[in-house]
Amino acid sequence: MKKIFTLAAMVSMAWGVNAQTPESWYVNNEDGTLKADYVANTDASKMSEVKFATANVDGVHTSGPVAGYTDDYTTPLQPKVDNTWGDIKKQDMSKDGSVAPFYYVQGKGNPVNIEKVTWEEVMTDGEPTGMYRAKWDDSYYAPDGSNGLPSNGTYVALTPKTDGTLKVAMWTNKGNRDVYVVKGSDAKALAFGTDVKVSGYVQATNNDVPEDSPLFGYMLYQEDIPTKGTEGSDAFVIGAGNRPVWVWLTFSAKANETYYVFNKNTQIGFGGFEFTSTGGSAAIDDILSEDNAPVEYFNLQGIRVANPENGLYIRRQGKNVSKVIL
């Protein structure tokens, strides 16, 4: 019993280090300029990737390389490559800066599974012209995961090292473009309103305040912005659907799962993220939750050891947990 208590204490300490520790990464410097990380790949035919990390989250923001195809008489068509980044954009939320401005940056290229682009012949009055164009239909993301994850264009991928809450800052132009938060493990979209909470600003929804207020004429902050419709009917369209939005997408995130954030087109900008850890690593979770398992050994940091050598280890078999010296 004492040994089990000792293990529990170790787990508590492991969780305590990370629990409720907010951390963040933003695309802008303190002076509002774009971070130097945003440099296009020198090979224009390759995707540009800005990689970043905090203590508990690894992330990447991508751009390009394919921005479209040139209609032509031969197939496959010649791709138009563009892997550059836009300049940083700023949306003020108050007259005097008492509410922090919303900064964001855009990439290039639709977030599609580029391998699923096909070609179709252009028809005129029902007659073939001999000219072809790209057909994108099957390459666009499907919320049920059937078309896979984007392999081209603009998207953000975030991978937490511990369980926690991710809060991702995104701008979307004319919010009638579907916005997705997608689990990498099954390529399925999380449900807005339940799995994903949307908060922030919708254009032309302004504060009702006196004219001498620094918020007069500026957008109203909304704690809970609904989607336009229900699942299967604009379930991923934010707010009114025909106006730009500056929002935070907040959702629970599991350790070692990758979460993709993007919209159907490139009319989206990434501002950064915040992460609050609730603690616990996958290894620690395994120790506590796997019942009826064979004998397993872990080091004192809770990491599974396949072939333990001489030293002090945690031994687990079923529900029996103890420290052993080998």
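This briefing walks through the main features of the structure above, topic by topic.

The model is predicted, so local features need pLDDT of at least 70, side-chain atom pairs count only at pLDDT 80 or more, and totals for chains, interfaces and linings use all residues. Residues are numbered from 1 along each chain as its sequence is written, and side-chain values use heavy atoms, with hydrogens and water left out.

**The overall picture**

- The protein has two helices and 20 strands. Helices (H or I, at least four residues) and strands (E, at least two) are DSSP runs, numbered from the N terminus.
- Of the 326 residues in the protein, 43% are buried. Here buried means under 20% relative accessible area, exposed means over 50%, and partly exposed lies in between (1.4 Å probe, protein chains only).
- Among contacts with a separation of 6 or more, 67% are between residues 24 or more positions apart. A contact means heavy atoms within 4.5 Å.

**A sheet that includes β1 and β16**

- Five strands make an open, antiparallel sheet in the order β1-β16-β11-β14-β13. Two strands pair if DSSP finds at least two bridges between them.
- At the edges of this sheet are β1 and β13 (196–202), each pairing on one side only.
- On average, neighbouring strands here are turned by 15° against each other, direction ignored. For such angles, axes are lines fitted to C-alpha atoms, for helices over the stretch in contact, and the angles run from 0 to 180 degrees between N-to-C directions.
- The antiparallel strands β1 and β16 (residues 268–277) are joined by five bridges. Pro22 stands opposite Thr276 in β16.

**A sheet that includes β12 and β15**

- Another open sheet has five strands in the order β2-β3-β10-β15-β12, again with antiparallel pairing.
- Its edge strands, β2 and β12 (179–183), have a single partner strand each, so one side of each is left without a neighbour in the sheet.
- Neighbouring strands of this sheet are turned by 15° against each other on average, direction ignored.
- Five bridges hold the antiparallel pairing of β12 and β15, and Tyr180 has Phe262 in β15 as its bridge partner.

**A look at Ala40**

- Ala40 sits in the loop between β1 (22–26) and β2 (48–53).
- Because its relative accessibility is 27%, Ala40 counts as partly exposed.
- Leaving aside residues up to four places away in sequence, Ala40 touches Ser48, Asn83, Thr84 and Trp85.
- Ala40 and Trp85 are 45 residues apart along the chain, and their C-alpha atoms are separated by 6.6 Å.

**Salt bridges**

- Side chains of opposite charge can pair when their charged atoms come close.
- The structure holds eight salt bridges, each defined as a side-chain nitrogen of Lys or Arg within 4 Å of a carboxyl oxygen of Asp or Glu.
- One of them joins Glu49 and Lys51, with the closest N and O atoms 3.9 Å apart. Glu49 is partly exposed at 41% relative accessible area, while Lys51, at 60%, counts as exposed.
- Another pairs Asp92 with Lys90, where the closest N and O atoms are 3.5 Å apart. Asp92 is partly exposed, with 34% relative accessible area, and Lys90 is partly exposed too, at 48%.
- Asp163 and Lys254 also meet in a salt bridge through their side chains (3.3 Å, N to O). This pair links distant parts of the chain, 91 residues apart: Asp163 is in the loop between β10 (156–160) and β11 (164–172), and Lys254 is in the loop between β14 (245–253) and β15 (259–263).
- Asp163 counts as buried because its relative accessibility is 14%.

**Cavity and pocket**

- On a 1 Å grid over the protein atoms alone, a cavity is a set of points where a 1.4 Å probe fits but cannot get out; a pocket is an open set with protein on both sides within 12 Å along at least five of seven lines; and lining residues have an atom within 4 Å of a point.
- Grid points are joined across faces, edges and corners, and a volume is the space filled by probe spheres set on the points.
- A search of the whole structure finds one cavity of 30 Å³ or more, and the largest cavity has a volume of about 40 Å³.
- Residues lining the largest cavity include His61, Tyr155, Met170, Phe262 and Phe270. β16 gives the most to this lining, with three residues.
- The largest pocket holds about 270 Å³ of space. It is lined by 13 residues, of which Tyr26, Ala100, Pro101, Phe102 and Trp248 are the closest to its centre.
- β7 (102–104) and β16 each supply at least two residues of the lining of the largest pocket.
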